[in-house]
Amino acid sequence: MSTRPWLAAGRRCTHASRIGYVRRTLEPHCNETFSRDLPGEVEVQFISVNRTGPQATPMLESGEDVTAYLDKQQNCEQGENDAKVHCRYVLLHPLIGRSPLLIPHRQMLHLLESWNVFPEICRYLNAFGKKYFNKDEAFAGFDCVEYEDSNNSSVNKLEMCYLLKYAASKRNEDTKVDAWTIRHALIYQRTCLNTRESSHILVRLSDNMKLALKEALSAPSEEVQNFSRDWTRLHSLVLGEVDDGWRQMINSLDSEVSEIFHRLIASGVIPQDFNIFDSPATVAQDMKHLQRLTDSLRRVSTMISLNIDTIDCLINRVEMLNKGGYIYPDDLLPFLRTLHQLKQEHKFALKNSSAVLERATSLANQLRDTVTLRNSEINKHHTEQLGGNTAALANLSEQAGRETSVVKTLTVLALVFVPASFVADFLQMGYVTTDPDNARIWRAAQDLQLYAALAIPLVALTMGFYIVIELRKASHHGQKGTVGAP
């Protein structure tokens, strides 16, 4: 609970000082928090309850209509007993989740001024409006001010304000799946315990809260009177409509975790057993999905914990009222039992979300371990393939060595026999003859000159062509090396 010293119980502050503080606090954020006074950007609904029953105004769709209604309500406060309002509500909401509240800034100030609302509500109103991310999602608080009667014997008036976190869903028409998000509702109440008159400002109630409030105000007249004159009934109503949303959101997140779990169980580790779920894209998508789920579950656990703290603040305040001279002490005992029951429901929801969070975290670790083991098996498979390729290369190298040895042997034999074969062929050509009387005397034939004249130039020409071709190849390789150099 947070209150300002100059607003503490038993102390007074002027109405002008309240409004001045409200104006200074809301002014810097008015463009983000409140809408403009344009057609389609204003939607405010007032509900008043008198002895004849509830009177709901049509949806006010302009700032002038809101101002006119507040002025008329101020003029009619001193009316007949049957027509006098003893309970009034104003319902505010944004157009979408993170958009400004559909009431202009000037009309909101007029509302706070005419209802004499305490300034603590400003910091809660600033938690709404245009947001570009989940700003103020984890913001919470509980403010309560007690006003004692003239003789300081008991509490005469009570003013409180708090934020209540809940889960809201929006159905995707394409996928036919509910998309869950976290929201908060502002509950403000100012009640006079002597006359049992109260005023309420309700901002961004969930659909279930609105439906429950509508059913409570559509009941028979006696039940409506009991509901509107008992300040504890509204808190029991809004707090009781939170648990079901958390349960459905946790179940939705749990089902997404189960889908990833089934894919992980069906996935393979050995490369030969891989399936469509083992592709890198699928694994990366599952890891991102698990990261989003764990983040959502941590946020859910935090929001439920904040609600538990809020309920604790309310329980402490009610217990202090029950011990400090409350006018109707018997009325608080059922309310205390209800608050303890709602707190227990939130604790069970917190354990549920914590269990799903632990499961998602364990699944994320298991997925990482599976990916690591899978990479190890893939590396092992590649190593085995590389070893097989190395063995094949070794066999080829050994075979090439054997072939080289054979070629070497053939080359040696050629070096031995080619000269002898050349000499034998040359002698058989008849270019050289021996003297029949003396074998040591050799005579060259006249055709030897012709043979030399033809053979020597042809050999020279052939060797010239070979040298030119080799030089061109060497020059071409040299140019490639120069171009490829860094």
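This is a predicted model: local features need pLDDT of at least 70, side-chain atom pairs count only at pLDDT 80 or more; totals for chains, interfaces and linings use all residues.
## The annotated spans

Let's start with the record. UniProt, in an unreviewed entry, marks residues 410–430 and 450–469 as "transmembrane region". What does the model show there? Residues 410–430 come out as 90% helix and 0% strand, with 30 Å between the end C-alpha atoms. For residues 450–469 the figures are 100% helix and 0% strand, and the end C-alpha atoms sit 29 Å apart.

The model holds 13 salt bridges. One of them pairs Arg123 with Asp143, whose closest N and O atoms are 2.9 Å apart. This pair ties together distant parts of the chain: Arg123 belongs to helix α5 (residues 121–125) and Asp143 to strand β6 (residues 142–148), 20 residues apart. Arg123 is partly exposed at 28% relative accessible area, while Asp143 is buried at 0%.

Glu159 and Arg190 also form a salt bridge, with 2.8 Å between the closest N and O atoms. Glu159 is buried, with 0% relative accessible area. Arg190 has 16%, so it counts as buried too, as the cut-off is under 20%.

## A bridge within one helix

Now for a pair inside helix α11 (residues 332–428). Glu398 and Arg402 meet through their side chains in a salt bridge, 3.4 Å from N to O. Because these residues are four apart in the helix, about one helical turn separates Glu398 from Arg402. Arg402 is partly exposed, at 49% relative accessible area.

Methods:
Residues are numbered from 1 along each chain as its sequence is written. Side-chain values use heavy atoms; hydrogens and water are left out. UniProt positions are given in the numbering used here, feature names are shortened, and annotations may be inferred rather than shown by experiment. Helices (H or I, at least four residues) and strands (E, at least two) are DSSP runs, numbered from the N terminus. A salt bridge is a side-chain nitrogen of Lys or Arg within 4 Å of a carboxyl oxygen of Asp or Glu. Buried means under 20% relative accessible area, exposed over 50%, partly exposed in between (1.4 Å probe, protein chains only).
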